[in-house]
Amino acid sequence: MALDLNWFQQMEDRIPRGGVRTRFAPSPTGYMHVGNLRTALYTWLIARHAGGKFLLRIEDTDQGRLVADAVDVIYATLRSCGLNWDEGPDVGGPVGPYIQTERRDLYRKYAELLIERGHAYRCFCSEERLEQLHQADPNAKYDRHCLSLTAEEIQARLDAGEPYVIRQRIPEGTTTFHDAVYGDITVDNSELDDQVLLKSDGLPTYNFANVVDDHLMGITHVVRGSEYLSSAPKYDLLYKAFGWEIPTYVHCASVMIADPDTGSVRKMSKRKGDPSYEDLIAMGYLSQAVVNYVTLLGWSPRGEIAEREFFTLPELAEVFDIGGISKSPSAFDLEKLTYFNAHYLRSMAPEEFAALAGPYIRQTVKNPAYDAAAIAALLQARCERLTDIPEKLDFFDTLPDYGLDLFTNKKSKCTPEVSRAMLEAAIPMLEGLESWTQEAVHDGLVALAERLGVKNATLMWPVRIAAAGKAVTPGGAVEICCILGKDETLRRLRLGLDKLNGQ
């Protein structure tokens with residue numbers, strides 16, 4: 001078919017030039033796993049650090065693996081992480097459409113251009129023949145059977161309506177490409193397969209579509225996982241075949257995890273049950289903590305900030321540089337993420353934490369008489385994950401059944417006998433308080449301990465045990481009594497005394 005060269009020039013004229021342009025191009029095949037999120041983060045940070053543009057492109061050519069609502073998950077995840085995009089399917093832009101299946105007509109034109117230039121060819125081999133080749137040698141490359149077809153043979157097959165794919169024609173020699181992380185890499189072209197560029201249904205393969213789209217969208221930096229290093233020579237050859245400028249490749253080493261079943265270290269995988277971004281949020285982690293931690297999985301700040309751990313997203317955009325990306329795999333560690341999460345929870349303004357913690361508090365504390373904001377104040381310094389909250393508060397609505405052993409605490413110098421004496425003194429003192437404020441309860445108990453000639457802890461321990469029925473609580477005796485209120489506190493302390501009296 002005759003190619004309209006003016007059309008190709010018009011496509012070139014649309015390309016934005018002169019600034020950094022990066023893209024995140026996920027396939028809508030499921031949840032956003034940690035490695036995918038890190039790719040999005042680095043791509044966004046490179047663009048923002050340079051004052052450039054960040055594009056979102058949906059690569060949906062693998063129709064067999066599409067998952068319903070996966071595009072919405074991608075949108076929601078990026079927004080939750082603060083990764084706003086300048087161009088994309090929902091916001092448009094100068095080089096749309098930004099969904100690959102909506103661009104399918106242009107890929108055939110570029111594949112035909114490669115055929116005309118001698119860098120690609122039509123392959124009419126049936127699935128059965130290809131399967132026979134594979135069975136004979138599972139590692140064998142395509143044998144170039146159709147490369148030797150004459151123009152007449154090709155036309156006859158086309159006239160007969162035979163289905164075909166278009167394959168890249170790999171030249172002889174070697175290919176050297178440059179990666180910003182791994183440096184120059186040289187590959188013998190004999191190791192490369194004549195990969196399929198255009199499938200028989202007219203849809204491009206991933207390897208072809210992303211090269212064409214990256215060029216036509218003016219992408220200057222391509223960030224992807226190191227598993228794509230083996231494909232980079234083919235991408236390079238495609239760019240050279242078209243006469244296009246090659247973007248900066250940024251390949252990132254894998255994110256590894258210790259398999260909980262075997263203990264062996266392997267690449268993170270959703271198929272293995274490793275947590276996705278959505279899973280981490282559901283586990284009680286904050287988006288800010290996940291973003292901060294995941295950015296440091298394979299990237300390290302340098303210079304004066306080399307030892308720094310905590311960064312906001314704008315701060316990361318300011319300091320992020322490609323030179324800090326490591327060649328070595330990184331290890332995902334939930335304990336380390338929990339450490340980051342605890343920092344962010346404790347750094348929040350009290351009212352912000354209270355608003356965030358409120359729904360988790362109310363999962364357990366149903367009684368509206370108990371002030372959720374006051375409970376949140378107890379939790380903030382002691383909380384590592386939001387999902388830890390409900391189990392810490394189960395004593396508020398219902399006093400748990402507890403044993404006398406809780407009244408024994410060596411550090412507080414408490415025994416059941418000592419605890420009995422402390423409660424016998426505390427109950428009438430608390431009954432006599434005219435106001436039930438934290439200050440009044442605190443001062444009353446401290447003054448009572450002084451009159452009894454005991455340390456504060458010796459009095460506070462049995463009061464807290466009787467009020468909460470638990471050895472570990474997110475607040476001390478004073479705070480818990482204030483939230484419970486005078487009547488409920490005294491009721492519980494009397495029950496504790498009865499228990500100590502053997503009633």
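Trainee: Which helices and strands do the buried residues of H7 pack against?

Mentor: First, the ground rules. This is a predicted model: local features need pLDDT of at least 70, side-chain atom pairs count only at pLDDT 80 or more, and totals for chains, interfaces and linings use all residues. Residues are numbered from 1 along each chain as its sequence is written, and side-chain values use heavy atoms, with hydrogens and water left out. Helices (H or I, at least four residues) and strands (E, at least two) are DSSP runs, numbered from the N terminus. Contact means heavy atoms within 4.5 Å. The buried residues of H7 pack against helices H1 (5-14), H4 (104-116) and H8 (232-242), and against strands S1 (21-24), S7 and S8 (221-225).

Trainee: Why is H7 described as largely enclosed?

Mentor: Buried means under 20% relative accessible area, exposed over 50%, partly exposed in between (1.4 Å probe, protein chains only). Ten of the eleven residues of H7 (206-216) are buried, so the rest of the structure largely encloses this helix. Among them are Phe208, Val211 and Leu216.

Trainee: Which residues of S4 lie on each side?

Mentor: In a regular strand, side chains alternate between the two faces of the sheet. In S4 (165-168), Val165 and Arg167 take one side, Ile166 and Gln168 the other, and all are buried.

Trainee: How many bridges join S3 to S4?

Mentor: Strands pair through backbone hydrogen bonds, parallel or antiparallel. Pairing here requires at least two DSSP bridges between two strands. S3 (120-123) and S4 run antiparallel, with four bridges. Arg122 stands opposite Ile166. In S7, Leu198 is the bridge partner of Ile166.
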